[in-house]
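Let's walk through this structure together, starting with its charged side chains and ending with its helices and strands. Keep the 3D view open as you read.

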Amino acid sequence: MPLGEDSDGNQVEITLEKEGILIVVTGMFTGMKIDETIIRCDHIKGADFKKGLLKGKLKICTLDEEIKINKVNNGEAESFVRLLQDRMNNIKTFPGDDKTSLLDEIKRAKEMLDEGKITQDEFQRILDRCL
């Protein structure tokens, strides 16, 4: 999913997982993994994306901090924010009903695939994770 940079220029990759979001930070110079964090969806207050000409800024607000990622591809970030918001809404709307939440996520991902907002590979990753 979204790939960008933190304020230090390190590469940041964010993936939406079943339990939340996985954030992997890779060193700018070494290319080695510096940090890997999972933030549960129920600890996320919201996400926002400021679109730029080609790339923009993604901000994820958790209960403890604000995570800012720069130079994120517009399409990837917009898709990610929509999927994350859907996931957060499903958690609030259907507590404990994983089947409904996952089905809604798959439906939303399929709509985004049909609209050309995500690639077939991204859709397949979401499908694999949900099933």
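Across the whole of this predicted model, a search turns up 10 salt bridges. In general, side chains of opposite charge can pair when their charged atoms come close. Take K33 and E36: they form a salt bridge in which the closest N and O atoms are 2.8 Å apart. K33 counts as exposed, at 54% relative accessibility, while E36 is partly exposed, at 45%.

Next, look at R40 and D42. Their salt bridge has its closest N and O atoms 2.5 Å apart. D42 is partly exposed, with a relative accessible area of 42%, and R40 is also classed as partly exposed, at 42%.

Now move to helix 2, residues 98-114, where K110 and D114 sit four residues apart, about one turn of the helix. An α-helix has 3.6 residues a turn, so residues three or four places apart point the same way. The side chains of K110 and D114 meet in a salt bridge, 2.7 Å from N to O. K110 is partly exposed, with a relative accessible area of 37%, whereas D114 is exposed, at 54%.

What about the cysteines? The structure holds zero disulfides; a disulfide would be a covalent bond between the sulfur atoms of two cysteines. C41 is buried, with a relative accessible area of 4%, and C61 is buried too, at 19%, which falls under the 20% cut-off for that class.

Let's turn to helix 3, which spans residues 120-130. Its buried residues are E122, F123, I126, L127, R129 and C130. Viewed down the axis of helix 3, these buried residues fall within an arc of 165 degrees, so they line one face of the helix. On the other side of helix 3 you will find D121 and D128, both exposed.

In strand 6, residues 55-62, find L58, a buried residue with a relative accessible area of 1%. L58 and G4 are 54 residues apart in sequence, yet their C-alpha atoms are 8.7 Å apart in space. In strand 7, residues 66-73, look for K71. Most residues other than glycine have a negative phi. K71 is not a glycine, but its phi is positive, at about 55 degrees.

Definitions and conventions: Residues numbered from 1 in each chain as written. Predicted model: local features only at pLDDT ≥ 70, side-chain atom pairs only at ≥ 80, totals over all residues. Heavy atoms only, no water. Buried < 20%, exposed > 50% of the residue type's maximum accessible area, 1.4 Å probe, protein only. Helix = DSSP H or I, 4+ residues; strand = E, 2+ residues; numbered from the N terminus. Arc of directions from axis to C-beta. Disulfide = S-S within 2.5 Å. Salt bridge = Lys/Arg side-chain N within 4 Å of Asp/Glu carboxyl O.
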